[in-house]
Structures are given as C-alpha cells and as structure tokens.
Amino acid sequence: MRDETEEDIEQIARELRVPVAVGRSLDARIMNAVRNLPRHTGFGLWSRLITPRTVTVTPLVWGIMAAAVAAFAVLGAMHAGQDLHRAAKPIASALFPAPKAADRSQRVQFVLVAPDAKKVAVVGDFNGWDASHVGYQAQHRGGGVWSVTAPVPLGHHRYSFVVDDSVWVADPTAPRVTDYDYGMPNSAIVVQEQK
Amino acid sequence: MEAGSSDAVVVARVLRGDVEAFRGLVERYRDRYARYAFHMLGNREDAEEALQDAFVRAYRSLARCEDPERFGAWLFRILVNRCRTLGARRGRRARTFVVDEVALLGAAEEHPAGATAWREEIDRALQQLRGDQREAFLLKYVEEMGYDEMSQLTGVGVSALKMRVMRACERLRELLSEVYDA
C-alpha cells in the first residue's frame, strides 16, 4: 500500500521535473535592469570589509567601543607626542564613524499569551524570518505568558510569532500588515531611537 | 562565460566591475530555477517576473553573498522568497479566477485522456494547494531536497515541513483521484 502511494506521488513528481523554458528575452531584460544599477567596484577582501551590512550594536557595545577609541587616542599621544595626539581624533572617527540608522538597534520586548504552546519564537525581517534564531526564542514566564527581549534595528519592520514551529500568530497588541506572505498574519513595528 | 568558470570566479569578476559577466550566471541558473517559479506561481509571466526580480536583487546584494561558490543556492533562496511575496500578493486576486477556470476546464473536459491532459490535471491540482504546502511539496519531490536543507532554506522547522508535504500529497491524491480512476 505504502509503495503504491509513494509511486503515485513519484509519478506526479516526474512530470513536474520536466524542465520549463522561459523566454529568451528574459536574459536581456535582466541584463538591462542590472546595467541600470550601480556598478560593483569592490576588490576581494577589501570589498567585503567595506560592504555595508546589518550589525546590531547595543548602547553598551557602543560604550565599550568609545572607551577603546579613547584608550587608542591616549596611548597614541603617550607614544608619539602631541602631534599624533592631535591626529588621533580623525583616525578614531574614521575607524568608527557615527552609526547609520540601519546599524543601530533597540531592545524590544515581544510578549504573547499562548497557554498551550510548547515553544514560541519571534520571526521577522530583522532575523531573516528564521524561527530557529537563538536570540529570538521566547521564554515561558508562567501563566501562559511567553516573552523575549531582543535587538531590532531602527526602522519599520514586519514580524510574527511562530508557535510550536508551525503556527504563525500575529501580535494581538500590534497593527496588522496587509501584505501577507502566504496569507500568514504579520504585525508591524516601528523602532525608534530612545531619547 | 567560460564553461569551466566556477560561480565564485564569475562573482569575483562582477564584483570587480564586470557587469556583463553576470550574464553567465543568468544563463547558468535561468532555466534551472524557472521550473520552480513556474510551478509555484502557476504561469509563465509571473515566473519570469520572479526570476528577474531574484536575479536583480542578487546582483544588487552580490557583495553580501557569503559563499560565492554556492551562488546558486543563495540565488534560489532569494527566488523562493520572491515567489512567496509574489504569490501572496496575487493570491487573493487570482483565487476567484483559478476556481472559475478550473470549473470551466472541468466542464469542457470531463474525461481527459493522454499525456497532455494528465499534465494539465497535475498543474491544475498543484495550483489548488495552499502556498506553503505547494512550496514544501515542490522542494521535496521536484527539487529533491532533504528536510534539513529545506528547513535551512525556508526557516521552517522540519516537523512542520513534513506535515506540509504530507498534507500536499493527500490533497494531490484527492484532487487527482478521478483521473487515476479514469
């Protein structure tokens, strides 16, 4: 019985594995679109080092980095005298420029009441919609309340809760987003810098 | 592109400013991934849009491709996400049309026979699956991926994926049962 049912699905799959050709004009359309984008100018490792990427930096880390910059400047002055001391400031600011909005984050607390859940995770565009992301696993706080406090970059984001690895649940306390993925409910959040 | 050029070599050329080298990657992966986009979205026009979108996004973010040797896998991940977004955006609009079209075809062709009709029935049944089940089925049975690989690609747990595949198989059997019987 099992073999028979496996065979019927395999028969369907064989039909679907047949290659699907697309119009040759697609190549031209893609290349035209690509030519209208800024040309890459990077070189190997250096391009990787200077490539913008999302880095979550909490205020605490910025404090440590600022202390490191200050220590760098002071040591520089001790070893190279007043001239180098004057130069240390621009060097430091070049090494650690002021963070852009996308590189900064705030810690956000996500809370869901799910008494029957065995596992709750937060997924969103800030963690690649990855339900297994370690930093976004909610903990059961008792009484069916699950929560996690995690960094979210400044800006507008979509997110959802994933219960027991399978059920997507929108945050009942947040606005819904109309542009669904698969009809799965998403919530909207705006993370702003705390003053 | 030279036939033997690895993805990493081509990616490096593009990153050094050789825009035209990107055509090699387009030619290498266009047809390979068209099948998934076509089955996921149900028509050639949307599939081409998803493919174009995926390639353009890949080009724009090429410097962030952490393992250029596996550019194809990275591109496929982008395509899967684009198909999700396009499918969801058009799902509600198309649902009425698909149902009507199915009813129309069913009325006109009650007893399909031959390979073409069989293939049409499969396509039609596939489009009636829920998007997440269709995605899981295609990745498992058509792209022939393992569950761990699927989980990494989709961000969905293995147990949930197995459930989706099982439901998809059940639904396909149900939808195609009349064709089997015939």
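Predicted model: local features only at pLDDT ≥ 70, side-chain atom pairs only at ≥ 80, totals over all residues.
1. Start with confidence in chain A. Its mean pLDDT comes out at 72, and 61% of the residues in chain A reach 70 or more. Two stretches deserve a careful eye. Over residues 43-59 of chain A the pLDDT is below 50, and this stretch has 23 contacts in the model beyond near neighbours in sequence. Residues 79-99 of chain A also have a pLDDT below 50, with 17 contacts beyond near neighbours in sequence.

2. Now chain B. Chain B has 182 residues, and 40% of them count as buried. Take the contacts in chain B with a separation of 6 or more: 63% of these come from residues 24 or more positions apart.

3. Next, have a look at helix 2 of chain A, residues 25-35. Its buried residues are A:Leu26, A:Ile30 and A:Val34. Why do these sit on the same side of helix 2 of chain A? Because they cover an arc of only 70° around the axis.

4. Finally, what do the buried residues of helix 2 of chain A pack against? Their partners belong to chain B: helix 2 (22-41) and helix 3 (44-60). When you view this spot, pick out A:Leu26, A:Ile30 and A:Val34, the buried residues of helix 2 of chain A, and then find those two helices of chain B.

How values were computed
Residues numbered from 1 in each chain as written. Chains lettered and ligands numbered in written order. Buried ≥ 20, exposed ≤ 12 C-beta atoms within 10 Å, placed from the backbone. Helix = DSSP H or I, 4+ residues; strand = E, 2+ residues; numbered from the N terminus. Arc of directions from axis to C-beta. Contact = placed C-beta atoms within 7 Å. pLDDT = per-residue confidence, 0-100.
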